[in-house]
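Visitor: Could you walk me through this structure? I'd like to learn how to read it.

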Amino acid sequence: MSKPILGIIGGGQLGSMLAIAANKLEIKTIIFCDDVDAPAQNFSNGFVHGQYNDLTKIKEFVNQVDIITYEFENIPYATLNEINKIKPVLPKPSVNRIIQHRLAEKDFINNLNIRTTQYVSIEKKSEIDSVKDLLPGLLKTVTLGYDGKGQYPITKLSNLETFDIDYSKGYILEKLVKLKKEISIVVTRFGPQQYSIYEPIENVHEDQILINSIIPAKITDKIFNQSKIWSTQIAEELKYIGTLCVEFFIDRNENLYVNEIAPRVHNSGHLTINAYNISQFENHIRAVCKLEQVPLKKLSNARMTNIIGEQIINFRNKEYSENEFFFDYLKKEIKDKRKMGHLTTLIS
Ligand code: AMP
């Protein structure tokens, strides 16, 4: 059977690393992105520029490929659904419909008897009065929030006056967890009960942005095992094909909570490029293109550091030792808080 041509929606660093992994497997890729400067076009075989709701441009892209996947979860569900009528979209669009919406996502996880933070839906300001026991908390938009965007810390009700919140967007109020640690699990599902699962990764955030990811995570055996069981349970329930990431909180009493699910390759999994025989990106391509599943082998412990904004200038001029791997995302514009690259260091 000849190899399929893979379409990737989204052309940022995740799209780039997916395209690089596909190149290694001799799979051709075409990128579709709304940014004309999308860095992933540096590594793909073709590029289509268009808006994510422009069905004419989308069709031009779909005509060139056999299978479609995506690098971020906020593509309109209607778009993915339309594409799926013509060519297979993996992971399937119904996964995205759940995960794009924080409330649907949390309800889904709780229905599996998996712990999340306590939360309620908030549609108008007065509703917060009746759920004071969830304070201190975070008010989050139900859609389109990431890296702390669209999130408001609420310690007491009077805090609400200091923010200009458009309640018509739909929010959830989430109780603040007294965090001891954050970890994530990256897992690739190839089919029923067929997984490649990476060990838990410890994540350190600053200002709600991921700064460091480290393996091994310093966690108890119980949390090590529980986080893996819950992640595979989630992937199985979604009938997921490809790589996904489950982000967890651990509180000061060693309780584990699922924070959120990313239906895609994930920033915390970048260290898998150098620390494992098969990276999260390669596994994603293997799963969606129905290639062989190769047993995972860990090669080294590792630490990944995100390079944010202007920090990239120094990193571009540095020399690196044999155990250091610098990735420049080749973004044209340096912006405050923008992820510009990362450095993975293999450690003993
Ligand atoms: P999110 O975009 O929801 O993943 O939030 C980004 C980061 O904010 C998380 O990785 C945590 O560091 C922090 N955070 C979000 N929700 C909570 C919560 N309920 N309790 C404590 N910290 C939180």
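Guide: We'll take the sheet, then the ligand. This is a predicted model, so to speak of a local feature we need pLDDT of at least 70, and side-chain atom pairs count only at pLDDT 80 or more, while totals for chains, interfaces and linings use all residues. Residues are numbered from 1 along each chain as its sequence is written, and side-chain values use heavy atoms, leaving out hydrogens and water.

Visitor: In what order do the four strands of the open sheet come?

Guide: Strands are DSSP runs of E, at least two residues, numbered from the N terminus, and two of them pair if DSSP finds at least two bridges between them. Here the order is 5-8-6-7, with antiparallel pairing. Strand 5 (119-122) and strand 7 (151-154) are the edges, each pairing on one side only.

Visitor: How many bridges join strand 6 to strand 8?

Guide: Five, between residues 137-141 and residues 171-175. Leu138 stands opposite Glu174 in strand 8.

Visitor: Now the ligand. Which residues come nearest?

Guide: A residue is near a molecule if one of its heavy atoms lies within 4 Å of it. Of the 17 residues around this ligand, Lys140, Val177, Glu182, Asn259 and Glu260 come nearest.

Visitor: Which atoms of Val177 and Glu182 lie by the ligand?

Guide: A polar contact is a pair of N or O atoms within 3.5 Å. For Val177, a backbone N or O atom lies 2.9 Å from a ligand nitrogen atom. For Glu182, a polar side-chain atom lies 2.5 Å from a ligand oxygen atom.

Terms used: A polar contact is a pair of N or O atoms within 3.5 Å; within protein, one must be able to donate a hydrogen and the other to accept it, and residues adjacent in sequence count only if both atoms are side-chain atoms.
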